[in-house]
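Welcome, and thanks for taking a look. Below is a short briefing to read alongside the structure.

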Amino acid sequence: MLKKNKLPLFLLALVVMLSVYYINDTKANNKNNETQNTSGSIKYHTYAESRLEVMKNRTKDIEGYEAVVASGELSSTEVENTLLKVDAIYKLNYSEVALENEIIALGYDDVFVYVNEDKVNIDILTDTFSQTEFINVALLSKAKFDTNYIVTIHTTALSS
């Protein structure tokens, strides 16, 4: 074998060996994680369906607004107003996710926040929920959204 061919062949063999090692190591880690997190994975998907439904509805609204703007039949002020509506939807999504994260940071397992007209609906996954915790969550939501919103808080037990 030529001397200049040894290095590329050695590097190729090294890459193949590292790839096989990485694949086997990843499979072993995944099996360990699955056995450790079988009970925990259920609770983090409690509100996933609700989030997906809200996302689909809002995406549909945004697409409708964008189609109207793209049609070219609106005046410049109507286009501006329509784009403001789209921007408001994006800001609302951001505020909901930010509030969810702030509430989860208080120690709850999962939270779903949905703003509907003049209501802030908050669903919290927890076993215990005291009056003080209610006040803290309500104050967070009032700080994040306008005080004109009505805050509704529901809890779902972890064990159910």
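## First look

The protein chain exposes about 11600 Å², and carbon and sulfur atoms supply 57% of that area. Accessible areas come from the Shrake-Rupley method with a 1.4 Å probe, and for residues only the protein chains shown count as cover. This is a predicted model, in which local features need pLDDT of at least 70 and side-chain atom pairs count only at pLDDT 80 or more, while totals for chains, interfaces and linings use all residues. Residues are numbered from 1 along each chain as its sequence is written, and side-chain values use heavy atoms, with hydrogens and water left out.

## The overall plan

- The protein chain has 5 helices and 3 strands; helices (H or I, at least four residues) and strands (E, at least two) are DSSP runs, numbered from the N terminus.
- The protein chain has 160 residues, of which 20% count as buried; buried means under 20% relative accessible area, exposed over 50%, and partly exposed in between (1.4 Å probe, protein chains only).
- Among contacts in the protein chain with a separation of 6 or more, 61% are between residues 24 or more positions apart; a contact means heavy atoms within 4.5 Å.

- Helix H4 runs over residues 76–105, and its 30 residues should span 44 Å at 1.5 Å a residue; the end C-alpha atoms are 43 Å apart, which agrees. The expected span of a helix is 1.5 Å times one less than its number of residues.
- Buried residues in H4 are Thr82, Val86, Ile89, Ser95, Glu96, Ala98, Leu99, Glu100 and Ile103.
- The cover over the buried residues of H4 includes helix H3 (48–71), strand E1 (110–116), strand E2 (119–125) and helix H5 (131–144).
- Just after H4 comes glycine 107, with a positive phi of about 115°.

- Threonine 82 belongs to helix H4 and counts as buried at 10% relative accessibility.
- A polar atom of the threonine 82 side chain lies 2.8 Å from the backbone oxygen of glutamate 78. A polar contact is a pair of N or O atoms within 3.5 Å; within protein, one must be able to donate a hydrogen and the other to accept it, and residues adjacent in sequence count only if both atoms are side-chain atoms.
- Leaving aside residues up to four places away in sequence, threonine 82 touches Tyr65, Val69 and Leu74.
- Tyrosine 90 also has its place in helix H4, and at 46% relative accessibility tyrosine 90 counts as partly exposed.
- Tyrosine 90 touches Ile62 and Glu66, not counting residues up to four places away in sequence.
- From C-alpha to C-alpha, tyrosine 90 and isoleucine 62 are 9.1 Å apart in space, and they are 28 residues apart in sequence.

## Salt bridges

- The structure holds 5 salt bridges; a salt bridge is a side-chain nitrogen of Lys or Arg within 4 Å of a carboxyl oxygen of Asp or Glu.
- Arginine 51 and glutamate 100 meet through their side chains in a salt bridge of 3.4 Å, N to O. Arginine 51 lies in helix H3 and glutamate 100 in helix H4, so the pair ties together parts that are 49 residues apart in sequence.
- Arginine 51 also forms a salt bridge with aspartate 110, where the closest N and O atoms are 3.0 Å apart. This pair links distant parts of the chain, with arginine 51 in helix H3 and aspartate 110 in strand E1, 59 residues apart.
- Together, Arg51, Glu100 and Asp110 are linked in a network of salt bridges.
- How accessible are the partners? Arginine 51 is partly exposed at 27%, glutamate 100 is buried at 9%, and aspartate 110 is buried at 4%.
- Lysine 91 forms a salt bridge with aspartate 87, with the closest N and O atoms 3.3 Å apart. The two are 4 residues apart in helix H4, so about one helical turn separates them.
- Lysine 91 counts as exposed at 52% relative accessibility, whereas aspartate 87 is partly exposed at 34%.

## A nonpolar surface patch

- Leu9, Leu12, Val16 and Val20 make a nonpolar surface patch of about 360 Å². Patches are made of residues with over 30% relative accessible area and no salt bridge, joining like charges within 9 Å and nonpolar side chains (Val, Leu, Ile, Met, Phe, Trp, Tyr) within 5 Å.
- Valine 16 is found in helix H1 (residues 3–36) and is partly exposed, with a relative accessible area of 46%.
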